[in-house]
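This briefing goes through a single protein model, from its overall make-up down to a few individual residues. Please keep the sequence and the structure in view while reading.

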Amino acid sequence: MRDMLLIALLVLLGVAAAGVLGVGALWLLRRRSLTTSVAVVAAVAVTAMLAGTLAVAQAMFLSAHDLSVVTTVVAMAALVFLATALLLGRCVVARSRELAFAARNVDGGDFLARPVPPPPNSLTSGGS
């Protein structure tokens, strides 16, 4: 039971550190695009998982080889997760642009026309 509490504490410390850094990054980037915010949230999730896993793996006194294997597996999973989250974030941003365009059409009194979203503008979208 004591081992499980120690593991939980190590994971909590690693995840909390990643969360605090993520909140700070979100606050600093609060005026940036939605894409940037989604990327930060995805990076925080990956970092939290990585920090928790590595803290526990190192505390388990694994051999150097075993720790290397755990690190490699976690890093590969983190890359796949981050790439998937960024693709999802791009889809969310694209749909929110379409929704904003449709709302402007409704506001202008055009209730029947099907909205065609404008092309992305890198100057107003924060480079996304």
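Among contacts in the protein between residues at least 6 apart in sequence, what percentage join residues at least 24 apart? The share is 62%. The model is a predicted one, and the points below are grouped by topic.

**Overall make-up**
- The protein has three helices and zero strands, and its elements run α-α-α from the N terminus on.
- Of the 128 residues in the protein, 16% are buried.

- Leu 12 counts as exposed because its relative accessibility is 54%, and exposed means over 50%.
- Leu 12 also belongs to a nonpolar patch on the surface, together with Leu 6, Leu 9 and Leu 13.
- The accessible area of these four leucines together is about 390 Å².

**Ala 42 in helix α2**
- Ala 42 is placed in helix α2, which spans residues 34-59.
- With a relative accessibility of 4%, Ala 42 counts as buried, since buried means under 20%.
- Leaving aside residues up to four places away in sequence, Ala 42 touches Phe 81, Leu 82 and Ala 85.
- Ala 42 and Ala 78 are 36 residues apart along the chain, and 9.6 Å separates their C-alpha atoms.

**Aromatic rings**
- Arg 30 lies over the face of Trp 27, at 4.2 Å from the ring centre.
- The structure holds zero aromatic pairs.

How values were computed
Residues are numbered from 1 along each chain as its sequence is written. This is a predicted model: local features need pLDDT of at least 70, side-chain atom pairs count only at pLDDT 80 or more; totals for chains, interfaces and linings use all residues. Side-chain values use heavy atoms; hydrogens and water are left out. Patches are made of residues with over 30% relative accessible area and no salt bridge: like charges are joined within 9 Å, nonpolar side chains (Val, Leu, Ile, Met, Phe, Trp, Tyr) within 5 Å. Accessible areas come from the Shrake-Rupley method with a 1.4 Å probe; for residues, only the protein chains shown count as cover. A salt bridge is a side-chain nitrogen of Lys or Arg within 4 Å of a carboxyl oxygen of Asp or Glu. Buried means under 20% relative accessible area, exposed over 50%, partly exposed in between (1.4 Å probe, protein chains only). Helices (H or I, at least four residues) and strands (E, at least two) are DSSP runs, numbered from the N terminus. Contact means heavy atoms within 4.5 Å. Rings of Phe, Tyr and Trp (its six-membered ring) pair if their centres lie within 6.5 Å; planes under 30 degrees apart count as stacked, over 60 as edge-to-face and the rest as tilted. A charge sits over a ring if NZ of Lys or CZ of Arg is within 6 Å of the ring centre and within 35 degrees of the ring normal.
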